[in-house]
Each structure stands twice: as structure tokens, then as C-alpha cells.
Amino acid sequence: MKVTLLAASTRINSNSLIASKAIGKILTGLDCEVEIIDFSNRPQTELLDIVQKDAEQESEFIKTALAKISTAQLVYIVTPEYNWMPSTTIQNFLHRFFNKNFSNVWSKKVFALVGVSSGRGGRLPQLEISKMLNKLISVDGYDSIVSPFFWESQFTQDNNLDDGSFKNGEYAEIVKAIVKSNIHLAEIWHKGLA
Ligand SMILES: Cc1cc2nc3c(=O)[nH]c(=O)nc-3n(C[C@H](O)[C@H](O)[C@H](O)COP(=O)(O)O)c2cc1C
């Protein structure tokens with residue numbers, strides 16, 4: 001299965017990137033093809049321009065990101081929690097690109113969510129992004145779905161190493177179970193679409 005992860009923090013070496021690498025390692029171990037799109041250092045202006053341009057006019061980063069989402073069966077949105085909310089980066093990206101001009105990018109997907117915190121957060125941004133995705137999916141009638149299997153990555157810097165390894169084996173097993181549930185759901189979903 002092809003899986004693309006959006007690490008939706010603009011901070012360099014963000015906890016969102018660390019959590020994405022952790023999931024990426026689990027997915028690779030389960031024979032998935034993994035792509036991580038790292039939003040670190042991306043300018044907000046790249047995402048804020050609400051003028052609908054032709055896809056060819058977008059930056060190479062955006063074109064690559066859209067192409068990698070388009071070819072994936074399972075798409076992970078890994079968002080930091082900022083004041084209980086998802087990052088503006090991921091919100092702007094979805095406002096800007098999740099529309100009919102790019103319908104081929106978003107159809108036939110299972111979306112999985114991760115909320116990232118350096119403390120006890122991580123739940124609320126997933127709920128916000130799931131609401132947003134359900135709105136986008138339902139209004140334009142995409143054959144995509146949001147998985148209910150959430151991972152709140154709490155105390156991310158304490159539980160994970162920078163390369164995406166887990167420091168705690170028991171914790172790693174819990175995350176692995178969530179990832180497996182998402183893969184299982186994606187398998188069922190794509191079988192139904194075939
Ligand atoms: C402006 C701001 C607001 C934050 N608000 C919250 C919050 O509401 N809940 C929480 O658990 N962590 C909060 N944090 C801490 C983040 O969880 C922490 O910075 C985390 O590493 C963010 O992920 P990132 O490294 O991927 O950007 C906040 C951080 C910033 C910079």
C-alpha cells in the first residue's frame with residue numbers, strides 16, 4: 001500500500017516530523033511504500049494565495065506534495081496542536097488545494113490523523129481536521145473517508161528519538177496497533193472501490 005504523510009509543522013525538526021518518521025518506520029515494516037512531505041520552512045504565502053492557479057503554476061514543493069497525495073491510498077495528516085487547533089499550515093493547504101480543480105488528488109483516499117503535542121495535547125486538532133475533511137469530502141462527493149483511529153502523540157520529544165524510533169516499547173506497540181487499524185480500514189475501503 002502507498003502511504004503519504006503530511007508533516008504539517010513549519011518548524012525545522014518538528015515533533016510532527018518526528019511523529020511522521022515514527023509512523024513511517026512502522027509502515028515500512030508492514031511493507032508499505034512511504035512518502036513524507038515535510039512542511040518545515042515552507043512560506044505561508046505559498047499556501048495562502050486563494051487565487052486558483054493552474055496546477056502548473058504552483059511551486060515544485062506543492063506540485064510534488066499533490067502528486068504524492070494523488071498516488072497514495074492512505075494519507076496521514078500529522079498536525080501540531082497550537083492553542084487546541086491544527087496548524088494554519090495544514091488548514092491553509094486544505095483550503096487552498098482541496099477543491100474541484102484538484103479532485104483527482106483527493107478522491108479514493110482513506111485519511112488518517114495524528115495530533116502532535118510536546119505535552120498532553122493532540123486530541124483537538126484531529127477533531128478539527130476530521131470535521132474539515134468530512135465537510136470537503138461530503139460537499140463535493142468524493143469517494144474518500146476519514147479514519148476514526150486517531151493517535152495523540154503526547155510528550156513527543158520524550159517518547160521518540162529524532163530518527164522516528166520509539167524510546168518505549170509498550171508505547172510503540174500501541175501506536176503500531178493504531179497504524180495497523182488504519183491499514184486494515186484502507187484495505188477494506190479500496191477493495192470496495194475496486
Ligand atoms: C503557539 C503555540 C501554541 C501551542 N498550544 C498548545 C496547545 O494548545 N496544546 C498543546 O498540547 N501544546 C501546545 N503547544 C506546544 C506544541 O504541542 C509543541 O510546540 C509541539 O512541539 C508542536 O509541534 P511541532 O514541533 O510539530 O511544531 C503550542 C505551541 C505553540 C508554539
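Predicted model: local features only at pLDDT ≥ 70, side-chain atom pairs only at ≥ 80, totals over all residues.
Around β4 you will find parallel partner strands, including β3, and elsewhere in the chain a mostly covered helix, α1.

**Strand β4 and its two faces**

- Val-110, Ala-112, Val-114 and Val-116 point one way from β4.
- Phe-111, Leu-113 and Gly-115 point the other way, and the residues on both sides are buried.

**The strands that pair with β4**

- Strand β3 (residues 74-80) runs parallel to β4, and seven bridges join the two.
- Within that pairing, Phe-111 of β4 has Val-75 standing opposite.
- Strand β5 (residues 145-146) also pairs with β4 in the parallel sense, here over two bridges.
- Phe-111 turns up again in this pairing, where its bridge partner in β5 is Val-146.
- Strand β6 (residues 151-153) is another parallel partner of β4, with three bridges between them.
- Here Trp-151 in β6 stands opposite Val-114.

**Helix α1**

- Helix α1 covers residues 15-29, which is 15 residues in total.
- From its first C-alpha to its last, α1 reaches 21 Å, close to the 21 Å expected at 1.5 Å a residue.
- The helix is mostly covered, with 12 of its 15 residues buried.
- Just after α1 comes Asp-31, which takes a positive phi of about 65°.

**Thr-156 and its contacts**

- Thr-156 lies in helix α7, which spans residues 156-159.
- Thr-156 counts as buried because it has 22 C-beta neighbours inside 10 Å, and the cut-off for a buried residue is 20 or more.
- Leaving aside neighbours within four places in sequence, Thr-156 is in contact with Asn-15, Ile-18, Ala-19, Val-116, Ser-117 and Ser-118.
- Thr-156 and Gly-121 are 35 residues apart in sequence, and their C-alpha atoms are 10 Å apart in space.

**The chain as a whole**

- The chain contains eight helices and six strands.
- Following the sequence, these elements come in the pattern β-α-β-α-α-β-α-α-β-α-β-β-α-α.
- For 194 residues, a compact globule would have a radius of gyration near 16 Å, and the chain agrees with this because its own value is 16 Å.
- Taken along the principal axes, the C-alpha atoms fill a box of roughly 45 × 40 × 25 Å.
- Buried residues make up 37% of the 194 residues.
- Among contacts in the chain with a separation of 6 or more, 80% are between residues 24 or more positions apart.

Key: Residues numbered from 1 in each chain as written. Helix = DSSP H or I, 4+ residues; strand = E, 2+ residues; numbered from the N terminus. Pairing = 2+ DSSP bridges. Expected span 1.5 Å × (residues − 1). Rg over C-alpha atoms; globule rule 2.2 N^0.38 Å. Contact = placed C-beta atoms within 7 Å.
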